[in-house]
Amino acid sequence: MSATTVRQPRSAPRSPGPTSVRAFTVDWRPLAIPAFRRMWTASVICAVGGSFSVVAVPTQLFTVTGSSGAVGAAAGVSFAALIAAAVWSGARADVMDRRTMLLAADLGLALTYAALWLQAVLGGRSVPVLLVAVAFQGLTYGTVLTTTGSTVPRLVPAELLPAANSLSSLVRYGGSVLGPMLAGVLVPVVGLGTLCLFDAVALLAVVWAVAMLPPLPPLPPPPAAGTQDAAATPSGAEGMTNAAGTAGAGGMAGAGGMAGAGGMAGVRGGGRGSSAAGRMLAGFRYLAADRLLVAVLAVDLAAMVFGMPSALFPELARDVFGGTAGGGPETGLLYAAYPAGVVVAGLLSGTFTRARRHGALVAGAAVAWGIAVVLVGLAAELWIALAALALGGAVNCVLSAFRTTITQAHTDDAVRGRVQGALTVVLVGGPQIANLLHASASAHLHDLTGAHLHDAAAGGVLYGPRLVICAGGLLTVVTVAAITWAIPDLRRYIAPAPAPAPGPEPEPGPEPEPVVARTSPAPSGDRVSSAPASRARAGLR
C-alpha cells in the first residue's frame, strides 16, 4: 500500500433492510473507516469543548472596551482573515500534503487560544493584541475548514460522502448549541480566560486524530486519455479515493462540462512551480467553467443571502411575539430553532443519505428552505415560527450534505482544495451578507413607516421584519428555480452507483471426470473437447 493510500473497507458496509429502524436513524456507516472515525470523534470533543471562545472572545472585548463597536470590528477582522485563509489554503492544499496543512492549522489554532488565555491571566487589556489574536484565529480556522473539506474524500468512498457530511453537520450544529450554553454556565465559575484554555486543550484531540492519518500528498495525474490504463478502474482503497476524486470517473465529467483532459491540464499546470496567485486563478477558471459546480454554489449562496433572517430575530421577537426590547426567551428560541432542526435531521440522516439524485435534492431542499422562511414571516404565533425554522434547519441539513458531497465527489483531486476554498467563502460570507441585507432592508422600512411600525406588526400586519423575511423567502424560491432551469445539469446530476459488495467465495465443486482420449477417429457430430477449448471457442464466437 502506498503512502498516499488510506485503508478503507473494500466496499461500503451493507445497508440495513428497508424495514429496519436503523435505516431511518443516524447513518453511521462512515465510522467503519478508522481514519474518519478518529477525526469525527475528535470533532465531537472539539465541537463542545472547543467552541467556548465563541462566547469568551466577544465578551472579553466588550469587557475591556465597553463598546459593541469593538466586538463588531473584531468580527470584521476575523471574517476578512478567514476568507483570505480559505482562498490561500485551498491553493496550497492542492500542491502539498494535506495532513501537514491540517496539523499546522490545528496547532496554530490551539496556540491562538492558549495565547488568549495567557493574556487574560496576565491581566492584559490591549485591544490591538486581542484583534491580532482574533485575526490569527480567523486565519487558522479558515485553513482548517478548507483543508478538512478537501481531505474527507481521500478518507471516505464516494457513496459514503453524504453520510459523512451529515455526521459532520450533526456535530457542528449540536456543538453550536451546547458549547455556548455550557460556556455561559462556566464563565461565572472559571472566568473568561480559562474558557480559551479549555478550547486549546480540546483541540489537542483533533491534533492527535490528524497526526494518526497517513501522509496525504497530491495524487499523481491520471493516465493520458486513450491509453489502456485510462480506462481501468482503480482497485482497492486507492480506487475508492479516486472514485470520489477524478472528474473522469463514472458520469461526473458529462455533468460538469469541464472535466476533459484539456481543462484538467490547465488546472494541473498551476502546480508546484506556479505562484499562489496563478494556482488560485487556475482554480477559479476551473470552477467557472464547470456548470454543475457553478449551479451548486449559486443555489447555496441564494439560499443563504436571501433566506437567512437571523439578523431580524431580535426585532421579530419584540415587535411580533411580544418579547422584551433587551432580548428574552422569544429571541433565544428563535435562534435555537434552526440548529435544532439541523440536529433532528442529522439524527434521521438514514432517510436521505442513500439517495443518488444529489442535484435534485440540493435544488429541492433550497426551495423548501425558501418556503419555510416565508412561513416564518407569515407566522403570527411564536410556535408557528419556531416550527417553520426547525423545518428550515432540517431541509438545510439535506442541502448542506449533498452540496458538500457534490463539490467533493465531482471535483478532481488536483483542484479540490481550491473548490473547497470557494465553498468556505460562500458558507462564511453568505450569512454575513444576509445579515447586512436583512438589517438594512428592515431599517429602511422602519424609516418609511415611522412610529406605527411596532403597532402594525403586533396587530398582524405584514410589515417591517415580517415583510422583509417573506420577501427573502420568495426571492430564494424564485432564484433557485431560475438557476435550476438555466443550468439543467444540476437537476439531472445523479451520483454514480456504489460498487457492489463482494459476494461469498464459491464453494469448491466436485472434481471433473478425466477425459479419455479416443484411440479412433470420432464419428461425425461427436467431438471430444476439453473445458479450456470450449471456452476458447465461446470467446471467438
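Student: Leaving aside neighbours within four places in sequence, what is Gln 420 in contact with?
Tutor: In this predicted model, Gln 420 touches Thr 146, Gly 149, Ser 150, Thr 407 and Gln 408, with neighbours within four places in sequence left out.

Student: And which helix is Gln 420 in?
Tutor: Gln 420 sits in α17, which covers residues 416-449.

Student: Buried or exposed? I mean Gln 420.
Tutor: Buried, because its relative accessibility is 4% and the cut-off for buried is under 20%.

Student: OK, what about His 410, where's that?
Tutor: His 410 is in the loop between α16 (382-409) and α17. His 410 counts as buried too, at 1% relative accessibility.

Student: How far is His 410 from Leu 292 in space?
Tutor: The C-alpha atoms of His 410 and Leu 292 are 8.7 Å apart, while in sequence the two are 118 residues apart.

Student: Switching to helices: at what angle do α12 and α15 cross?
Tutor: Roughly 5 degrees, and the axes of α12 (residues 291-307) and α15 (residues 358-378) come within 10 Å. That angle is why α12 counts as roughly parallel to α15.

Student: Which residues meet there, between α12 and α15?
Tutor: From α12 you have Val 299, Ala 303 and Gly 307; they meet Val 362, Ala 366, Trp 369 and Val 373 of α15.

Student: Last topic, the surface. Which residues form a nonpolar patch?
Tutor: Leu 118, Val 121 and Leu 122 do, with about 310 Å² of accessible area together.

Student: Why does Leu 122 count as exposed?
Tutor: Because its relative accessible area is 68%, and exposed means over 50%. Leu 122 is placed in the loop between α4 (98-121) and α5 (127-155).

Key: Residues numbered from 1 in each chain as written. Predicted model: local features only at pLDDT ≥ 70, side-chain atom pairs only at ≥ 80, totals over all residues. Heavy atoms only, no water. Patch = residues over 30% accessible without salt bridge, like charges linked within 9 Å, V, L, I, M, F, W, Y side chains within 5 Å. Areas by Shrake-Rupley, 256 points an atom, 1.4 Å probe, with all protein chains shown as cover. Salt bridge = Lys/Arg side-chain N within 4 Å of Asp/Glu carboxyl O. Helix = DSSP H or I, 4+ residues; strand = E, 2+ residues; numbered from the N terminus. Buried < 20%, exposed > 50% of the residue type's maximum accessible area, 1.4 Å probe, protein only. Axes fitted to C-alpha atoms, helices over the stretch in contact; angles between N-to-C directions. Parallel < 35°, antiparallel > 145°, perpendicular 65-115°, else oblique. Contact = heavy atoms within 4.5 Å.
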